[in-house]
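Open the model in your viewer and keep the selection tool at hand.

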Amino acid sequence: MKQRVLLLLFFSLIISFSSFSQENMSQTLRGIVVDHETQIPLQGVNIIVTNSNPQQGTISNEKGVFRFDNVHIGRISIQASFVGYKTKTIDNIIISSAKETILKIALDESITQIEEVVIKANIEKDKAINKMATISARSFTVDETNRYPGSYGDPARMAANYAGVMSVRDNRNDIIIRGNSSTGLLWRLDGIEIPNPNHFAASGTTGGPITILNNNLLTNSDFLTGAFPAEYGNALAGVFDLKMRTGNNEKREYWAEFGYNGLEFGAEGPFSKNTNASYLITYRYSLVDIIDLLGAEVETTKYQDLTFKLNFPLKKGRLSLIGMGGKSYIEMFDSNDDKRDWTFESWGEDLSNGSDIGTLSLSHVHFFGTKTRLQTALSVFGSRVTTRIDTLSVWSPNPYNWAGEESSEVKASFTTHLNSKINSRNIFNFGLKADRYFVNFMDSSITNGQYKVDTDVSEAFDLFQLYVQFKHKFSDKTEIYSGLHSQYLDLNNSWSLEPRIGFNWNLNDKNSVKIGYGLHSQTQLRILYFTQTQLDDGSSIYTNKNLDFSKSHQIIVGYDHLFSDNLRLKLEVYYQSLFDIPVKENLPEYSVLNYGAEYFIERIDSLSNDGTGENYGIELTLERFLQNNFYFLITASLYESTYKGYDGIKRNTAFNGNFAVNALGGYEIPIRKTNAISIGLRTTYAGGRPYVPYDVNATINQQTEVLDWDNAYDTQQDNYFRINLRIGFKRNKPRFNVELAMDLQYRTNYTSVYEYRIDPLTGEIYHNYEMALYPMASYRIQF
């Protein structure tokens with residue numbers, strides 16, 4: 001009933017906006033042009049709006065700044081050209097009535113001056129913004145996080161459309177990259193590592209149901225899936241290298257958004273008219289919190305978050321302060337429900353969970369002449385997770401505490417990165433990072449009728465990372481990358497030395513070949529180091545504290561073909577050999593490579609680095625960039641993901657679905673130039689994931705969940721199929737614009753399993769698929 005009301009309201013709003021009037025509206029387009037490597041502003045760059053009539057043009061000033069005051073509303077293209085640099089064309093720039101469009105155009109210096117080289121920005125999506133990344137990396141735009149069906153403005157959900165990437169489950173944004181555990185993902189924001197940027201996050205995870213990252217604050221960013229450059233360390237699976245845009249430094253602008261994810265307010269603008277310093281800030285309050293304030297009783301699922309960026313230009317650089325924080329809390333109490341609605345037939349659970357995260361970073365960029373820049377940052381982040389699980393039954397209806405957790409982490413970091421362009425052919429980078437961790441872990445549960453303490457510790461330790469990398473361009477068509485990363489953990493004196501190399505050869509204007517290799521390492525989840533082993537005399541020791549890093553050799557070969565300026569084919573073949581993986585002698589089927597398949601990270605003691613793993617596969621991408629109002633993206637992956645536990649037997653990992661196919665497309669219908677209706681459709685079909693079944697007889701006998709490890713990951717879930725439909729509407733008025741969107745997710749009989757549980761009293765197994773039509777609507781106004 002709620003879904004029908006939401007759909008009726010959405011289409012009623014579209015009808016109410018359907019009376020259009022012809023209005024000639026324009027907006028300011030401005031920005032800065034910089035050298036891609038040094039970020040030094042470029043003076044004298046010619047910029048033209050290619051699809052304007054008459055054609056509009058201008059030249060960047062001594063600060064690299066350019067400006068167009070009267071650009072028509074809609075999607076436009078611009079071209080930037082400069083002597084000695086490759087000409088760059090950027091398509092599908094959105095000009096709206098209520099907000100100035102501010103661009104940062106980065107030009108690449110040309111090796112040869114014989115003929116003009118034209119680069120189209122949409123074609124370069126197969127390349128990362130970070131030019132040190134030669135393979136398995138691409139950039140993405142904020143427009144794509146909004147436009148792709150089922151993305152909900154979330155970068156992680158959007159990335160699940162890419163080849164080799166899959167979501168762990170529908171109600172969370174944890175992602176599996178090439179069969180690796182989701183715990184191997186690194187998040188960075190403006191070059192600084194950040195904690196898991198999601199609400200309702202569990203200890204050690206990298207995803208959650210609702211992202212804290214706000215795409216209203218982001219700009220074009222990078223996503224890397226393997227053999228990444230040496231500057232990215234302490235990660236095995238992939239990297240989100242996100243960039244936050246700078247607030248408008250000339251004009252104050254505001255927006256408000258209301259939808260399923262809550263109510264959001266945002267603002268940006270200059271601190272004063274006498275300075276170029278600016279601010280950018282947004283705050284979001286959950287829909288449940290709003291309903292609760294109105295006096296209605298609903299299930300407790302509350303969250304709120306705040307994100308900001310303050311930017312202060314300096315004579316030879318800039319100073320910026322970035323902050324992000326979020327609080328979330330959920331209660332699911334069977335004790336409040338009728339017995340017929342309990343989790344199980346004869347017993348139930350009361351679950352409460354809270355998670356808080358926060359990060360603050362002060363970053364300084366200084367330019368040394370026109371060839372070198374130094375970025376230095378001080379940052380601190382903290383996270384806290386609290387969980388309590390009580391049980392109740394028909395015989396004992398009063399909730400009784402079964403398990404609980406109260407964990408927190410604080411990390412203080414110093415980071416510095418030196419970038420030097422020796423000349424047009426050679427680029428050199430050097431950097432170091434020092435992290436100081438302060439951890440407090442405490443959790444326990446009832447095992448065999450007695451409380452078992454898994455962690456109870458307060459400790460501090462350090463992680464140091466150092467890297468150097470170099471890129472040489474033989475010509476405009478051929479380049480080679482080499483790098484070296486090293487890290488050291490003083491908790492147990494673990495260290496690693498990791499070479500990285502990449503090669504890119506553009507055979508001609510339409511074909512290119514790429515090769516990449518990297519040795520990567522990652523610390524264990526910090527809570528694992530302090531998981532206790534209880535001795536017979538009642539004391540406990542840390543049997544995991546001396547675990548070494550997990551490591552992975554990764555090699556990738558890629559081929560790209562351009563059918564036209566807006567249609568490309570990409571093929572990549574990869575192989576990963578993982579080693580020094582923690583496993584357990586008296587549970588030989590276990591491996592940490594399967595972490596991330598469930599909500600909770602198991603506290604397993606007495607681990608050793610004797611396990612291995614193997615991932616290999618082939619990925620295909622066919623992509624049409626938005627042109628003539630139409631786009632599509634088709635990806636297919638065939639892969640194998642296996643591991644060996646302590647017994648040396650090869651098994652499927654929990655993420656070995658073997659295949660995945662994604663297809664999405666959309667069409668934008670312009671209405672009298674200034675307005676548009678957009679329609680998008682996405683389908684996903686993928687192999688079911690393996691899992692460890694329950695041992696039913698042992699579970700009944702012991703009155704607690706017991707897994708059948710003898711058949712670990714031999715059984716697979718059913719294949720997965722999902723459809724997403726997105727309908728959007730944009731309308732521009734002279735002083736404001738509105739956007740209305742509805743995402744419809746249909747979970748078929750082949751959807752992923754939301755919950756897989758067994759009743760310890762009866763042995764009955766419950767599969768919760770949460771099928772049905774799942775609408776998510778949003779309304780945004782900018783002014």
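Rings of Phe, Tyr and Trp (its six-membered ring) pair if their centres lie within 6.5 Å; planes under 30 degrees apart count as stacked, over 60 as edge-to-face and the rest as tilted. This is a predicted model: local features need pLDDT of at least 70, side-chain atom pairs count only at pLDDT 80 or more, and totals for chains, interfaces and linings use all residues. Residues are numbered from 1 along each chain as its sequence is written, and side-chain values use heavy atoms, without hydrogens and water.

**Aromatic rings**

Select F140, Y162, W187, F223 and F240: ring pairs link them into a cluster. The whole structure holds 23 aromatic pairs. Next, pick F82 and Y85. Their pair is tilted, with 5.6 Å centre to centre and 35° between the planes. Buried means under 20% relative accessible area, exposed over 50%, and partly exposed in between (1.4 Å probe, protein chains only). Y85 is buried at 14%, while F82 is partly exposed at 24%. Now go to F228 and Y232. Their planes stand at 85° and their centres are 6.5 Å apart, so this pair is edge-to-face. Both F228 and Y232 are buried.

**A buried threonine**

Select T684. Is T684 buried or exposed? T684 is buried, with a relative accessible area of 3%. Show what lies within 4.5 Å, counting heavy atoms; that is the cut-off for contact. Leaving aside neighbours within four places in sequence, T684 is in contact with M166, V661, N662, Y720, F721 and R722.
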